[in-house]
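Have a look at the structure on the screen while I talk.

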Amino acid sequence: MNYKLASSPHQHVRRNTGQIMRMVIYALIPGILLQLWFFGFGVLVQITLAVITAVITEATILEMRKRNFERAIKDYSAILTAILLAISIPPFAPWWVVVIGTFFAIAMVKQLYGGLGFNVFNPAMAAYVMLLVSFPVQMTQWLPAQSLTMQQPGIIDAIYAVFTGFSADGFSLAQLQSAADGHTMATPLDAIKTGLAQGLTYEEGLQSAIFDGNLGIGWWWISFGYLLGGLYLIKAKIINWHIPGGMLAAMAICAGVMFLVDPDRFASPVFHIFNGSLILGAFFIATDPVSASTTNKGRIIFGAAIGFWVYVIRTWGGYPDAIAFSVLIMNMAVPLIDYYTRPRTYGHKKRSQGESK
């Protein structure tokens, strides 16, 4: 038998950064298509604006830094950041919201720290928090699923709404947000949080028209689409299971315990996992290789802590969803987590208490 000797790492399939980023983008497609189906073509308009802004911003800054911008853009990292930000904001948010956010993500969060591999924070989530704090009204104008709305806007309506605030037929965003009975609809997390604040029980909150049983209409399908993409990334060894596993397990445990304590005041684990952006965050955002923990044990801690913070902020904080805040909080803790979870060097011998230092 013939044996071949090679130095580590022993990786059979070698992929460059561009290939990895493209595979992540491909894995996003099922969830994005379901967002288009349930929430209209505004999602596609936002993605287009974000990608154009990201490429122009990245190329301009790299040219100013005397770097090879063509090679850097071909790594698709800026495009992936743009897509993640675009699918995280309301489909009919004004055009300048996604442009400002994407510019901030690329210029301030990524390039200001030295570019890919040097950013401390997740660029898409840092930009999302900046937009949410700066423009709270525009960032909370989510549409209900199209099957519940009075008007079902097409691609032309989406373009008009994003750039003018009105559909091609003259309907305002408030009218586009209205259900068939004329009431303005909210997201599932918003609806439950508002209902509990008004004294309703969890079960009473689920009686809203946007729910089908325990899940928001459209939202759980979208989460399922991103779950399929995330499982593909794990199978393809693009990401490890540790971060998404830690996040989902921590959320399930926290929500499960509180639901058992008082099911009238706290939502079930299934509700928390499949409503909102938890699955998108677990598989596509928290797993950012630059700003996440780098050890397997550290990844589990990192993911579990994010899941814990998401539950705390959703339940007692001022925001219905909390992926962005939780990811940024734990981005700051990554150096400490990695320091205490770094693997022991091969051949290392632990010193005894009596041994001199």
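I'll go through the salt bridges, and then a cavity.

First, some housekeeping: this is a predicted model, so local features need pLDDT of at least 70, side-chain atom pairs count only at pLDDT 80 or more, and totals for chains, interfaces and linings use all residues. Residues are numbered from 1 along each chain as its sequence is written, and side-chain values use heavy atoms, with hydrogens and water left out.

Okay, salt bridges. Side chains of opposite charge can pair when their charged atoms come close. Here the rule is a side-chain nitrogen of Lys or Arg within 4 Å of a carboxyl oxygen of Asp or Glu, and it gives us two of them.

One joins E58 and K110, with the closest N and O atoms 2.9 Å apart. E58 sits in helix α2 (residues 42-64) and K110 in helix α5 (residues 95-110), so this pair ties together parts that are 52 residues apart in sequence. Helices here are DSSP runs of H or I, at least four residues, numbered from the N terminus. E58 and K110 are both buried, meaning under 20% relative accessible area with a 1.4 Å probe, protein chains only.

The other salt bridge pairs D321 with R314, at 3.0 Å from N to O. R314 counts as buried because its relative accessibility is 5%.

Now, how much space lies in the largest cavity? About 40 Å³. Its lining has ten residues, with P144, A145, I210, I217 and W219 nearest the centre. A cavity is a set of points, on a 1 Å grid over the protein atoms alone, where a 1.4 Å probe fits but cannot get out; lining residues have an atom within 4 Å of a point.

Note on methods
1 Å grid on protein atoms, 1.4 Å probe; cavity = no way out; pocket = protein on both sides within 12 Å on 5 of 7 lines; lining within 4 Å. Points joined across faces, edges and corners; volume = space filled by probe spheres on them. Helix = DSSP H or I, 4+ residues; strand = E, 2+ residues; numbered from the N terminus. Buried < 20%, exposed > 50% of the residue type's maximum accessible area, 1.4 Å probe, protein only.
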